[in-house]
Amino acid sequence: SWDFNTYSMIGEYIFHGGAYMEWLRPPVASTAMGLLQYVFTQKISEYVFIGLTSGFFLYSSRRFSESFDLDLEKFYVFALTPAVIFFSTMNGTEMLSLAFALLFLADFRNSKSGLWLGLAFLTRYNFGMLIPLVILQRDLRKIVRTGVISGLTLVPWLIYNYVQTGNPLTSFGNFLMLNVFLRYTSTPLDPHNLLIMTLPTAAVL
């Protein structure tokens, strides 16, 4: 798809002097593909990325299953139906961001969850919707540590944005403008959608 190819081209831009960049895209998938391009051709690196992401998703599924006493085989089978595999790899970031989200939930009781939250956010900015769940850790020190770790995870990308554009928030600002502010000038944002996405997770925690 165009989205998947875009992440690959952004990786080429960041690491290999490529010519195409979309600042509204978060960096993790592009960074992974760009690093793989040191070893493989651009096209082959995309397939390697899919394979590595699938393996990482298996690892995150195992961690999530162990944390919530779920049967790993059943969870993994239901999580990886053909439709899920197709749509989660079509645009390049869905499966990877979900893997980070699962690790965030698996490690939710300790501050290491901040690392996974930060990486999930840097893979798909939409996963910022998980940030309010941090208050459910119910321990001020844990909440602060989680927030600090998440913030530190963002620092390299903020610095890169500043060096390249003069504004550390260029990427996230472009994302918000295109996908939130401009989109909902014609279609109002429905707060019920946010509740539907976050309340089931909050109930489990």
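**Chat about a helical model**

Me: Where is Leu-176 placed?
Reply: Leu-176 belongs to helix α9, which covers residues 170-181; helices here are DSSP runs of H or I with at least four residues, strands are runs of E with at least two, and both are numbered from the N terminus. This is a predicted model, in which local features need pLDDT of at least 70 and side-chain atom pairs count only at pLDDT 80 or more, while totals for chains, interfaces and linings use all residues. Residues are numbered from 1 along each chain as its sequence is written, and side-chain values use heavy atoms, with hydrogens and water left out.

Me: Is Leu-176 buried, partly exposed or exposed?
Reply: Leu-176 counts as partly exposed because its relative accessible area is 25%, where buried means under 20%, exposed means over 50% and partly exposed lies in between, with a 1.4 Å probe and protein chains only.

Me: And how far is Leu-176 from Tyr-125 in space?
Reply: Their C-alpha atoms are 9.1 Å apart, although the two residues are separated by 51 positions in sequence.

Me: Stepping back, how many helices and strands are there?
Reply: The protein chain has 10 helices and zero strands. Of its 205 residues, 39% count as buried, and its accessible surface is about 11,400 Å², with 69% of that belonging to carbon and sulfur atoms; these areas come from the Shrake-Rupley method with a 1.4 Å probe, and for residues only the protein chains shown count as cover.

Me: What share of the contacts comes from residues 24 or more positions apart?
Reply: Among contacts with a separation of 6 or more, 62% are between residues 24 or more positions apart, a contact being heavy atoms within 4.5 Å.

Me: How do α1 and α2 pack?
Reply: Two packed helices are described by the angle between their axes and the distance between the axes. Helix α1 (residues 2-16) and helix α2 (residues 28-36) meet at about 65°, with axes 7 Å apart; axes are lines fitted to C-alpha atoms, for helices over the stretch in contact, and angles run from 0 to 180 degrees between N-to-C directions.

Me: Switching to charges, how many salt bridges does the whole structure have?
Reply: The search finds seven, taking a salt bridge as a side-chain nitrogen of Lys or Arg within 4 Å of a carboxyl oxygen of Asp or Glu. One of them joins Asp-3 and Arg-25 at 2.8 Å, N to O, linking helix α1 to the loop between α1 and α2 across 22 residues. Asp-3 is partly exposed at 26% relative accessible area, whereas Arg-25 is buried at 11%.

Me: What about Glu-46 and Lys-43?
Reply: Their side chains form a salt bridge at 3.3 Å, N to O, and because they are three residues apart in helix α3 (residues 42-67), about one helical turn separates them. Glu-46 is buried with a relative accessible area of 6%, but Lys-43 is partly exposed with 46%.

Me: Where do Arg-63 and Asp-107 lie?
Reply: These two form a salt bridge at 2.4 Å, N to O. Arg-63 is in helix α3 and Asp-107 is in the loop between α6 (94-106) and α7, so the pair ties together parts 44 residues apart in sequence. Both Arg-63 and Asp-107 are buried. Elsewhere, salt bridges with shared partners join Asp-3, Glu-22 and Arg-25 into one network.

Me: How many residues of α7 are buried?
Reply: In helix α7 (residues 113-123), nine of the 11 residues are buried, including Trp-116, Phe-121 and Thr-123. Thr-123 counts as buried because its relative accessibility is 0%, and beyond its neighbours within four places in sequence it contacts Pro-26, Val-28, Thr-93, Leu-96, Ser-97 and Phe-100.

Me: Last one: which residues form the nonpolar surface patch?
Reply: The patch consists of Leu-140, Val-144, Val-148, Leu-152, Val-155, Ile-159, Tyr-162 and Val-163, with about 800 Å² of accessible area together. Patches are made of residues with over 30% relative accessible area and no salt bridge, joining like charges within 9 Å and nonpolar side chains (Val, Leu, Ile, Met, Phe, Trp, Tyr) within 5 Å. Val-155 is found in helix α8 (residues 140-165) and is partly exposed at 34% relative accessibility.
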